Amino acid sequence: MAAIEVRGLERAFQGGVKAVRGVDLEVAEGEIYAFLGPNGAGKTTTVRMLTTLLRPTGGTARVAGHDIVREAPAVRRAIGVALQEAALDPLMTGRELIHLQATLHRLPRAEARAKADELLARVGLEHAADRRVGTYSGGMRRRLDLASALVHEPRVLFLDEPTTGLDPVSRKAIWDEVRALNRSGTTVFLTTQYLEEADQLADRVGIIAQGRIVAEGTPSELKAQVGKPHLEISIADGELERAREVVARLGHELPPKDGLVLVELEGGAAQVAPVVRALDEAGIAVESLQLVEPTLDDVFVAKTGRHLEGNGDGAGASVEAAPGDSSEDGARPEQPAEA
């Protein structure tokens, strides 16, 4: 059984603005699924629907086997959620906050205390367990919010841009915990603006633009759709034409760039050694070479026509929200879906 099944999911807002336009996706049990998209693409609106915080205006979705509208309470019992803005009481200590979450999930008092100790240690906050949350750094707050979402051992964990704005050390700590959770069997649905994050963590990636899924697959499959790896070779002066003749026999030669010989390699990195040997046998001195592989940024640009914010120079403009709207997906705040 799939952990998440979505068919034709839609969400329209006041004025007829459609933030999500017929999304279809499926996430297998035990998978890490990364959801990529620019601001305004529909990522957060989709997550809010799947976590029962927002009622869809079309389509259906099941999470952990339960319909998100008809069986919303069952969905909530099966999932953990860590959204972009963690609602953490700054006057409580980390231990008090986790203990409160455990109590709300009706864990016995002794079990709640043990769970708080276990989770705080798991996310590396045992040293700050009795400090007020208001004294925590941004990275510590994100880790505490993640711990809170794990109190009831959810089958499916939703993480909405969990590392945005974090320093590299804090980001790695979150990545390590996500991997550990997944190894223990938790399905993870991750929205992110960081291509490296999706590449490092995800089994599969979905790209959403203007409310629609425009690409889906493993990182390797998506990269293969936009091109093959190519080798950039710097050759000694006067040998450029001879080098081009040699490499053309071993792969598809690309137009030279900045005095470099470029050859597309059908077999990827495995073909680098034969190219080098052929040039050496022809008596052509290689000054340097670099294997360049397609990236998820290349995929994103090919599928959406823009770069993803937060990656590189963020060259592409965001999708515009409707006039007067201010949230990520051009959506006005709304009450959670009724149980």
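## A friendly note on the fold and its salt bridges

1. **Salt bridges overall.** The count of salt bridges in this chain comes to 19. Keep in mind as you look around that this is a predicted model.

2. **Arg 7 and Glu 26.** Arg 7 forms a salt bridge with Glu 26, and their closest N and O atoms are 2.9 Å apart. This pair links distant parts of the chain, with Arg 7 in strand β1 (residues 4-12) and Glu 26 in strand β2 (residues 18-27), 19 residues apart. Arg 7 is partly exposed, at a relative accessible area of 41%. Glu 26 also counts as partly exposed, at 37% relative accessibility.

3. **Glu 153 and Lys 115.** Here too a salt bridge is formed, with the closest N and O atoms of Glu 153 and Lys 115 being 2.9 Å apart. Glu 153 sits in the loop between α5 (138-149) and β7, while Lys 115 belongs to helix α4 (residues 109-122), so the pair links distant parts of the chain, 38 residues apart. Are the two partners buried or exposed? Glu 153 is exposed, with a relative accessible area of 60%, whereas Lys 115 is buried, with a relative accessible area of 7%.

4. **Glu 177 and Arg 122.** The side chains of Glu 177 and Arg 122 meet in a salt bridge at 2.6 Å, N to O. Because Glu 177 lies in helix α6 (residues 168-183) and Arg 122 in helix α4, the pair ties together parts that are 55 residues apart in sequence. Glu 177 is buried, with a relative accessible area of 8%, and Arg 122 counts as partly exposed at 34%.

5. **A salt-bridge network.** Beyond the pairs above, have a look at Glu 31, Arg 204 and Glu 216, which are linked in a network of salt bridges.

6. **The six-stranded sheet.** In which order do the strands of the open sheet run? The sheet has 6 strands in the order β6-β7-β8-β3-β9-β10, and its pairing is mixed. β6 and β10 (212-217) stand at the edges with a single partner strand each, so one side of each is left without a neighbour in the sheet. On average, neighbouring strands of this sheet are turned by 15° against each other, direction ignored.

7. Strand β3 (residues 32-36) pairs with strand β8 (residues 187-192) in the parallel sense over 5 bridges. Within this pairing, Val 188 in β8 is the bridge partner of Ile 32. Helix α1 (residues 43-50) packs on the sheet, where it touches β3, β7 (156-160), β8 and β9 (204-209). The direction of helix α1 makes about 150° with that of β8. Helix α11 (residues 296-304) lies across β3, β9 and β10, and runs at about 35° to β9.

8. **Gly 80.** This glycine is found in strand β6 (residues 79-82). Gly 80 is buried, because its relative accessible area of 2% falls under the 20% cut-off. Leaving aside neighbours within four places in sequence, Gly 80 is in contact with Ala 149, His 152, Pro 154, Val 156, Leu 157 and Phe 158. The C-alpha atoms of Gly 80 and Arg 171 are separated by 19 Å, and these residues are 91 residues apart along the chain.

9. **Val 156.** One of the contacts of Gly 80, Val 156 is found in strand β7. Val 156 counts as buried, at 1% relative accessibility. Leaving aside neighbours within four places in sequence, its contacts include Ala 3, Ile 4, Val 63, Ala 64 and Thr 187. Between the C-alpha atoms of Val 156 and Val 263, 107 residues apart along the chain, the separation is 44 Å.

10. **The chain as a whole.** How many helices and strands does the chain have? There are 11 helices and 14 strands. Taken along the principal axes, the C-alpha atoms fill a box of roughly 75 × 50 × 40 Å. Of the 339 residues in the chain, 48% are buried. Among contacts with a separation of 6 or more, 69% are between residues 24 or more positions apart. The accessible surface comes to about 15,900 Å², and 49% of that belongs to carbon and sulfur atoms.

Terms used: Residues numbered from 1 in each chain as written. Predicted model: local features only at pLDDT ≥ 70, side-chain atom pairs only at ≥ 80, totals over all residues. Heavy atoms only, no water. Helix = DSSP H or I, 4+ residues; strand = E, 2+ residues; numbered from the N terminus. Buried < 20%, exposed > 50% of the residue type's maximum accessible area, 1.4 Å probe, protein only. Contact = heavy atoms within 4.5 Å. Pairing = 2+ DSSP bridges. Axes fitted to C-alpha atoms, helices over the stretch in contact; angles between N-to-C directions. Salt bridge = Lys/Arg side-chain N within 4 Å of Asp/Glu carboxyl O. Areas by Shrake-Rupley, 256 points an atom, 1.4 Å probe, with all protein chains shown as cover.
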